[in-house]
Amino acid sequence: MRTAVHYQVQDHVALLAIDNPPVNALSAAVRQGLLAAVRAAQADDTVHAVLITGLGKAFIAGADIREFGLPPQAPSLPDVCDAIEACRKPVVAAIHGPAHGGGLEVAMSAHYRVATSSAKLGLPEVQLGLLPGAGGTQRAPRLIGAQAALDLMLSGRQIGAPEALRMGLIDHIATSDDIQLEGLAYVRHLLSEGAPVRRTCEQTQAMADRAVQQAAINAARADAAKRRGLFSPLKIVDCVQAALDLPFAEGLRTERALFQQCLESPQRAGLIHAFFAEREVLKAPETRSAKPRAIQQVGVIGGGTMGAGIAVAMLDAGLQVILIERDEAALAQGRTRVEKVYDGQVAKSRLTPQGKAGILARLSTSTDYAALAQADLVIEAVFEDMAVKHAVFAQLDRYCKPGAVLATNTSYLDVNAIASSISRPQEVIGLHFFSPAHIMKLLEIVVPAKVSPDVVATAFELARRLKKVPVRAGVCDGFIGNRILATYRTAADHLLEDGASPYEIDQMVRAFGFPIGPYEMSDLAGGDIGWATRKRRAATRDPRARYVHIADRLCEQGWFGQKSGRGWYRYAEGSRTGTPDPEVMAIVEAERTKAGVQPRSFTTEDLQRRYLAAMINEGAKVIEEGIALRPLDVDVTLVHGYGFPRHRGGPMKYADQVGLAQILADIRTFAQTDPLFWKPSALLITLVEAGRDFDSLNQLETPHA
Ligand code: T1G
Ligand code: NAD
């Protein structure tokens, strides 16, 4: 059994070294080891002081998140922190790497804190639907004041050592990265100064001015109330109010009670699912079996909406970029789109003019594909037309060096067909970015049949360098995200024709936690894109399938959305906020009559159940067909690419929380009027019959082959 906390005494200093790789999470074994070590140091008369450090790359990354939801094991972290604080000998926390959540709470319960210059400190519990539940909400304000403490706990951001020193969170910045050595030196310095035990719970200076503290709490409460249905932020504010109003021990009791409420909230389960899912998606089979190729020079074909954004993403990652366009005019527009992004950053003082020049020095542009001869990877983002894609790939096959990775940013087209159109299909992969490509985190890595594993591994490594969240997807129309989007958007259109208004549907979707609804999204992206897709699909559409013509009617009027001043909503000159449009409702009513539909009213719950059931059912089909490896891949895709509220974990996690039997029952009810659209997923039926949930598939080493 690995020792979780190493204990030794050196020159009257008890050295406690936490050893729980990879990030020294505060598992039960670590808590037991820490408590035992503090007690041993306390009882050992030869010990004059205690030093707590972490081995490996971290001090402590917090409580062991995997333990949440499991039966608690003693000692609790609050008890460990109280024991550290109560120690009658000076305790020093020596921090390197991350000191997050419970890790920073351990450090704050120590009497003094030293950190390396590269240390990162934070209280990110809010990102897990929790709050600092080991005294952090009571000790942080006593050390740094209510405002700074609330900022750390409500943003979840991590700060560096210099900022931590300025705000009084640490006492000293080490001069080298050898934290054990630096920690020992600092302890000796404190002992030589006769530094007393300094308990954080007794600190009052930072919260002395009550009016200032109360003002900070009131401001934070107002902000927290605006955070779209999130549970824990307001609880954090309540805890800091208790820190101001109550004696320490009572404040701790308030914190414990509110922590328990957060622990029981479904948001905690959703956010922790999202945390681990974002790490599991990185582990595609190919990343285990193959080595990525080196990428330094990248070609981008097409400098339009996506090409320019992709070029910026590559430049931001420090890569060399060659932008290719079909003619000089388009090339100039492409370069201008790229430069505009950096001009914006300079204007907001996020980048200096020299910085901008340095970045653009790595950008070259051309209309000649021969310029790509040394590119390690080339990605095309030209028109969504198979003939254009084939023409471009023929050029790439002719000019690119052997071993160059050839990628397509297509949204829907058959990547297998694109790959088979050239002599080296094993080098072709889909890299599906989302608009704006330099901002949106999601990257669908579309794996065609003939691709070689190291090309897939290269794509995942590129995603890491671009700081994207990659999801492995198989080839089908729309891959994971756009395929599911097309289905729940169709469900919305059915509801629209059956009697709901686009505005109440958008409202329901926003109330559920999405940033915007499907009709607002259409107006933002441009209704013409969906119209082009519907036209492209018309030839292969199942003639038995219900088809709602309302959106086509709007597009025939040129009402594409924000870009044309009206779509589903009307937009005042220069405004991005639309107002409901009675002329749209007139078209909706006319189409209902044409379709012979007797409109009916829907409750918000009716709308929500259909919209989500469509999303979940299609998600299950995407998994059963192997397009997505696991349910968590669908969750990460919808959360990072389609605005699905992160605190619900994703559609498949949400389905587990509702209960798959309920979801299937709803689908079967809806199928009574439309059996084709509402054909239940075979996987969903199997899981319900087996009494299992989607999460049971996430644990599988080889996803449900
Ligand atoms: N518990 C369990 N596992 C953890 C973990 C944790 N706290 N942190 C990381 N891991 C796993 C992670 O899943 C991955 O596993 C591996 O470690 C490496 O992580 C009472 C309630 C510290 C910045 O929110 O933000 O304390 O995939 O890939 O990029 O108040 O990990 O290899 O199997 O992310 O170098 C608060 C969470 C907890 C910090 C390092 N703490 N961790 O990033 O590595 S709640 C957090 C991180 C709490 C108390 C409360 C990051 C990191 P695997 P990684 P990294
Ligand atoms: P766009 O019309 O804005 O840009 C396409 C660019 O390709 C144009 O500048 C055009 O001049 C250039 N081009 C066309 N043929 C070329 C050729 N033979 N050689 C070099 N350049 C050529 O289109 P977009 O929205 O950027 O979409 C590009 C691709 O990305 C499409 O496949 C689209 O489906 C996909 N995509 C779009 C989005 C989105 O939200 N717009 C999101 C993801 C993926």
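Trainee: Asp343: how does its accessibility class read, buried, partly exposed or exposed?

Mentor: The class comes from relative accessible area: buried is under 20%, exposed is over 50% and partly exposed is in between, with a 1.4 Å probe and protein chains only. Asp343 has 35%, so Asp343 counts as partly exposed. Bear in mind that this is a predicted model, where local features need pLDDT of at least 70, side-chain atom pairs count only at pLDDT 80 or more, and totals for chains, interfaces and linings use all residues. Residues are numbered from 1 along each chain as its sequence is written, chains are lettered from A and ligands numbered from 1 in the order written, and side-chain values use heavy atoms, leaving out hydrogens and water.

Trainee: Which residue forms a salt bridge with Asp343?

Mentor: The general idea is that side chains of opposite charge can pair when their charged atoms come close. Here Lys356 is the partner, and the closest N and O atoms are 2.6 Å apart. Asp343 sits in helix H14 (residues 328-347) and Lys356 in helix H15 (residues 353-360), so this pair ties together parts 13 residues apart in sequence. The salt-bridge cut-off is a side-chain nitrogen of Lys or Arg within 4 Å of a carboxyl oxygen of Asp or Glu. Helices (H or I, at least four residues) and strands (E, at least two) are DSSP runs, numbered from the N terminus.

Trainee: How many salt bridges does a search of the whole structure find?

Mentor: It finds 44. One of them joins Arg198 to Asp171, with 3.0 Å between the closest N and O atoms. Both residues are in loops, Arg198 between H7 (179-192) and H8 (210-225), and Asp171 between H6 (161-167) and strand S9 (172-173), so the bridge connects parts 27 residues apart in sequence. Arg198 is partly exposed at 24%, and Asp171 is partly exposed too, at 27%.

Trainee: Which residues are linked in a network of salt bridges?

Mentor: Arg553, Glu556, Glu591 and Lys594 are. Take Glu591 and Arg553, whose closest N and O atoms are 3.5 Å apart. They link distant parts of the chain, 38 residues apart: Glu591 is in helix H24 (residues 582-595) and Arg553 in helix H23 (residues 550-556). Glu591 is buried at 4%, while Arg553 is partly exposed at 22%.

Trainee: Moving on to cysteines, how many disulfides does the structure hold?

Mentor: A disulfide is a covalent bond between the sulfur atoms of two cysteines. The cut-off is sulfurs within 2.5 Å. This structure holds zero. For Cys87, the nearest cysteine sulfur belongs to Cys201, 13 Å away. Cys87 is buried, at 1% relative accessibility, and Cys476 is buried at 16%.

Trainee: And sheets? What is the strand order in the open sheet of three strands?

Mentor: Strands of a sheet pair through backbone hydrogen bonds, either parallel or antiparallel. The order here is S5-S7-S8, with mixed pairing. S5 (98-100) and S8 (158-160) are the edge strands, each pairing on one side only. Two strands pair if DSSP finds at least two bridges between them. S5 and S7 (residues 120-122) are joined by three bridges and run parallel. As an example, Ala99 has Leu121 in S7 as its bridge partner.
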